[in-house]
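Visitor: I am new to this structure and would like to learn how to read it. Please take me through a few features in turn.

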Amino acid sequence: MVNFSLEAYEVNIIPKQSLIHTTEAKWIWLIGAIRSGKSAGGLVEGIMASLDYAGNRGLVTRWEYSVLEKTTMSTFFELVPRDSGYVRKWQDVKHRLELVNGSEILFMEGKEYYKFRGLELGFYIIDQAEEFPTPAAMETLDGRLNKPNV
């Protein structure tokens with residue numbers, strides 16, 4: 001197991017984010033004001049699940065890839081810079097990150113949610129779920145969660 005230290009990146013955990021990391025709930029929905037830490041809290045949870053469970057696979061999505069890249073991915077790489085020692089490889093064309101323990105995190109556009117079929121996932125994060133016009137993407141992703149103990 002690789003220990004991911006939030007302090008190493010000066011990530012300030014706010015009370016709402018602390019609840020994310022201690023809950024036993026299967027589903028976590030975060031609702032709050034702009035810049036309240038919802039995305040960062042979810043991303044930290046996904047990063048820790050990927051570092052704690054070697055070979056895990058997670059998916060981070062937002063309705064449009066261009067917006068995902070400018071927002072959520074930017075936040076992700078502030079938390080885990082590519083040169084942090086946790087990242088083995090970043091594949092820009094495939095939007096795929098491989099961590100040092102073999103876990104991978106995929107960044108995919110939500111409006112092409114049919115491409116989620118066939119994935120085997122330990123977690124997924126839908127950022128800005130209100131952008132999704134129907135629950136179809138979430139329903140597809142729910143069916144893809146099959147990594148035990150994650």
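Visitor: Is E98 buried or exposed?

Guide: This is a predicted model. The cut-off for buried is under 20% relative accessible area. E98 has 12% relative accessibility, so it counts as buried.

Visitor: Where is E98 placed, and what does its side chain make a polar contact with?

Guide: E98 lies in strand β3. Its side chain makes a polar contact with the side chain of R88, at 2.7 Å. Leaving aside residues up to four places away in sequence, E98 touches Y86, V87, R88, K89, S103 and E104.

Visitor: How should I read a strand and its side chains?

Guide: In a regular strand, side chains alternate between the two faces of the sheet. As for pairing, β3 (residues 96-99) and strand β2 (residues 87-91) are antiparallel, with four bridges. V87 stands opposite L99 in β3.

Visitor: How many residues are between β2 and β3?

Guide: Four residues lie between the two strands, which form a hairpin. In the turn, H95 has a positive phi of about 55°.

Visitor: Why is helix α4 described as largely enclosed?

Guide: The way to read this is to look at how many of its residues are buried. Helix α4 covers residues 72-79, and six of its eight residues are buried, so the rest of the structure largely encloses it. The buried residues are T72, M73, T75, F76, F77 and L79.

Visitor: Which elements do the buried residues of α4 pack against?

Guide: They pack against α2 (38-52), β1 (57-62), α3 (65-70) and β4 (104-109), and also against β2 and β3.

Key
Residues are numbered from 1 along each chain as its sequence is written. This is a predicted model: local features need pLDDT of at least 70, side-chain atom pairs count only at pLDDT 80 or more; totals for chains, interfaces and linings use all residues. Side-chain values use heavy atoms; hydrogens and water are left out. Two strands pair if DSSP finds at least two bridges between them. Buried means under 20% relative accessible area, exposed over 50%, partly exposed in between (1.4 Å probe, protein chains only). A polar contact is a pair of N or O atoms within 3.5 Å; within protein, one must be able to donate a hydrogen and the other to accept it, and residues adjacent in sequence count only if both atoms are side-chain atoms. Contact means heavy atoms within 4.5 Å.
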